[in-house]
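Work through the exercises below with the coordinates open. Each task is followed by a stepwise solution.

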Amino acid sequence: MAIAEKSAKKVEDSRADREAVLNDFRIALLSRHASLMGRKEVFMGKAKFGIFGDGKELAQIAMARAFRKGDFRSGYYRDQTFMFALGELTVQQYFAQLYAHTNVEAEPASAGRLMNGHFATRSLNDDGSWKPLTERYNSAADISPTAAQMPKLLGLAFASKLYRENKDLKQFKDFSINGNEVAWGTIGNASTSEGMFFESINAAGVLQVPMVTAIWDDGYGISVPKEFHTTKGSISEALAGFQRTENQKGFEIIKVKGWDYEGLFNAFAKAGDLARKQHVPVLIHVEEMTQPQGHSTSGSHERYKSKERLDWEKEWDCIKKFREYILSRELASADELDRIDAEAKAQVKKEKEAAWADFMGEIKQELSEAVTLIREAAQESNRKVVLEQLAHDLSKTINPIRKDVISTVRKALFNLRFDQGKGKNKLHDWYEQQQEKNHERYSSHLYSESEWSALKVKEVAPSYSDSPSLVDGREVLQAFFDYKLGQDPRFFAFGEDVGKIGDVNQAFAGLQAKYGELRVSDTSIRECTIIGQGIGTALRGLRPVAEIQYLDYLLYGLQMLSDDLASLQYRTKGGQKAPLIVRTRGHRLEGVWHAGSPMGMILSTLRGMLVCVPRDMTQAAGMYNTLLQSDDPAIVIECLNGYRLKEKLPENMGEYTVPLGKPEVIREGTDVTVVTYGSMCRIVLEAAAELSSMGIEVEVVDVQTLIPFDRFRVIGESVKKTNRVIFADEDVPGGASAYMLQQAIEGQQLFKFLDSEPQTLPAKAHRPAYSSDGDYFSKPSADDVIEKVYALMHETNPKKFPKI
Ligand SMILES: Cc1ncc(C[n+]2csc(CCOP(=O)(O)OP(=O)(O)O)c2C)c(N)n1
Ligand SMILES: [Mg+2]
């Protein structure tokens with residue numbers, strides 16, 4: 001390059017540099033003013049709660065500059081500046097979330113379903129199909145529990161490893177370009193005390209995945225200072241042993257100050273580079289951050305911070321230091337910076353007002369329609385005075401919310417109960433239309449609403465040759481997994497002992513040798529991050545089957561499933577999906593930790609996931625096939641005592657599917673319906689054979705899936721015939737048997753068909769005691785079923801069935 005050219009480039013560079021720095025300054029101030037005004041909105045009563053990112057602006061701008069298309073963030077409520085800097089969040093959208101605007105265009109992260117500070121980008125089109133993620137900046141959908149962003153972060157990073165190292169995945173360019181994507185995590189200093197933080201960090205070090213974890217260290221977790229949270233009061237010092245060395249893989253650990261503009265840029269650039277190119281996990285400990293407004297709108301930090309600390313925070317505020325840096329480098333004058341500040345403030349004010357007007361506009365429109373309709377109905381009613389008063393009060397509400405409108409309409413309808421007029425009908429119709437809209441606003445997308453919903457997968461029955469081979473149950477599964485691994489490179493399975501030995505019951509036996517360690521892999525013992533690994537990879541278009549070795553150990557992963565996976569489609573209103581399948585085994589074997597059947601726990605914590613309880617491995621394989629063609633997340637609980645039982649091997653492996661929510665009548669009968677599932681099916685069938693010899697014909701219904709539950713009224717049809725029903729299972733009293741009773745009796749309005757009280761037959765309330773006797777005295781046996789059914793028949797006809 002000629003000298004003249006060189007110096008021209010230098011001028012060019014410094015201009016670009018100056019403009020970039022001033023733009024960063026503008027974004028920092030935009031974000032700061034959003035925080036300051038956000039807090040005021042809460043105190044004015046326009047929003048219920050606020051938590052803001054003030055004091056953390058600079059590091060987030062640095063992180064945004066190192067972030068590339070295709071990358072993913074998994075972070076927490078402080079990250080507004082990062083989202084602004086990437087252009088993935090406007091100030092108006094930010095305020096729309098603060099107000100809980102239910103319109104998805106206005107508030108794309110959660111459509112008003114989450115309180116402010118929960119960031120997310122939309123990975124899906126409106127029809128549930130994927131957008132090309134490699135052309136986008138991606139943020140996983142935040143959740144509130146501290147550190148719960150970490151397990152999924154591991155999975156997001158692990159996906160890059162799979163995309164890079166498995167050549168059959170190179171074709172999926174919408175999801176990854178050669179595994180070049182970095183997963184960026186953010187977490188507060190105090191949240192690093194959580195077990196899942198340590199579990200995720202350890203797993204990332206073992207797996208060597210491109211995961212950059214930035215710790216925003218402001219010295220506190222609400223009121224508690226970091227000495228109470230972290231050994232040595234420093235997470236980077238506590239984790240120093242994770243530092244990689246020349247000879248040993250591990251983490252790169254970087255320390256930087258939250259007010260050091262250049263230091264932050266270098267730290268994040270270096271971290272991004274290392275992770276992206278070499279798949280080395282990196283930890284960035286960002287110290288000396290502040291909280292200018294305290295933790296949240298729920299309290300004031302003057303209560304627990306000393307005057308010295310508060311003064312220190314003022315002095316070391318990152319925006320103040322940034323300003324000093326710009327002035328010292330003479331990149332702009334004080335006047336120029338003041339002007340940028342004033343402009344940022346004006347912009348925030350304008351966008352905040354637009355967000356409020358938009359939010360209020362919709363509600364005011366509904367309010368005005370309701371007032372008009374109540375007044376019209378009042379004219380024809382002898383409750384005119386009351387109704388007019390209701391309409392009047394509603395019309396005068398300051399800052400009305402939707403509840404004010406709908407509640408008033410309902411009160412009006414209570415008052416109109418004796419009226420027959422047109423006005424009442426119009427009001428009623430309007431109310432019903434609104435309730436449909438409100439269902440869509442507040443209750444849609446708990447399950448997939450796309451064309452790939454598991455409920456829409458075509459049913460194909462298993463077919464058998466004239467003389468089918470009789471094989472161990474585990475071999476049926478093995479045949480299916482073999483088929484699927486060969487058919488879909490996105491499908492992979494992992495968990496404790498899943499790789500080399502092909503799981504403790506050998507359904508994957510030999511498949512690692514055939515398909516490689518990336519497809520069928522062993523993990524360390526870490527249920528919580530096994531689930532996170534599944535969620536993160538599923539968020540990036542892969543089809544994981546994450547194994548929890550025994551159902552009793554699901555508890556370790558349950559929190560991730562409940563808080564994250566089960567709520568994902570709901571809390572993003574269909575903006576993200578993670579069709580993870582959790583495979584586990586339970587119900588009946590031996591002892592307190594290998595024979596549990598905590599189905600009620602699953603049912604009440606995992607709404608949003610499908611819950612499959614196959615009675616044998618043929619049904620299980622068919623369910624996996626259904627699920628792997630769908631985009632719903634699910635859990636499949638196989639029968640722990642079923643792997644060595646003989647089953648007929650279907651001929652059309654990989655083709656046949658089991659429809660979800662369709663119970664099967666596995667024995668016909670006329671006297672009593674026994675509804676059950678899983679390992680209890682065999683026990684109830686055994687009892688039914690014995691009862692038949694006593695002159696009682698039991699109809700046995702296997703529900704097959706608890707969610708969805710009997711979409712075809714199979715139980716109802718059976719009860720219409722028998723007029724008696726027992727719900728039997730191995731859960732505690734009031735657990736899944738009570739759930740089935742509620743779903744069937746209330747859901748299918750079976751009360752009128754019953755001649756006897758509906759009953760449940762669960763296990764004992766305690767955990768199952770060890771050994772065969774422990775099982776017999778803890779869980780329902782065939783004898784218990786016989787007694788229960790017989791007692792019902794005795795009550796009906798004591799002559800024919802005398803007391804035993
Ligand atoms: C599992 C769980 N426990 C408690 C809380 C309540 N909580 C919310 S934020 C917070 C403090 C977090 O502090 P830190 O990680 O340092 O983040 P900071 O707010 O300081 O940025 C607590 C205890 C929570 N959200 N989740
Ligand atoms: Mg903190």
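**Exercise 1.** List the residues in contact with E638, leaving aside its neighbours within four places in sequence.

Solution. Step 1: apply the contact criterion, heavy atoms within 4.5 Å. Step 2: the partners are L477, R583, T584, R585, G586, H587, P614, M617, A620, Y624 and Y643. Step 3: the side chain of Y643 also makes a polar contact with the E638 side chain at 2.6 Å. A polar contact is a pair of N or O atoms within 3.5 Å; within protein, one must be able to donate a hydrogen and the other to accept it, and residues adjacent in sequence count only if both atoms are side-chain atoms.

This is a predicted model, in which local features need pLDDT of at least 70, side-chain atom pairs count only at pLDDT 80 or more, and totals for chains, interfaces and linings use all residues. Residues are numbered from 1 along each chain as its sequence is written, chains are lettered from A and ligands numbered from 1 in the order written, and side-chain values use heavy atoms, without hydrogens and water.

**Exercise 2.** Is R667 buried, partly exposed or exposed?

Solution. Step 1: buried means under 20% relative accessible area, exposed over 50%, partly exposed in between (1.4 Å probe, protein chains only). Step 2: R667 has 22%, so R667 is partly exposed. Step 3: its side chain makes a polar contact with the side chain of E697 at 3.4 Å; the C-alpha atoms of R667 and E697 are 9.2 Å apart.
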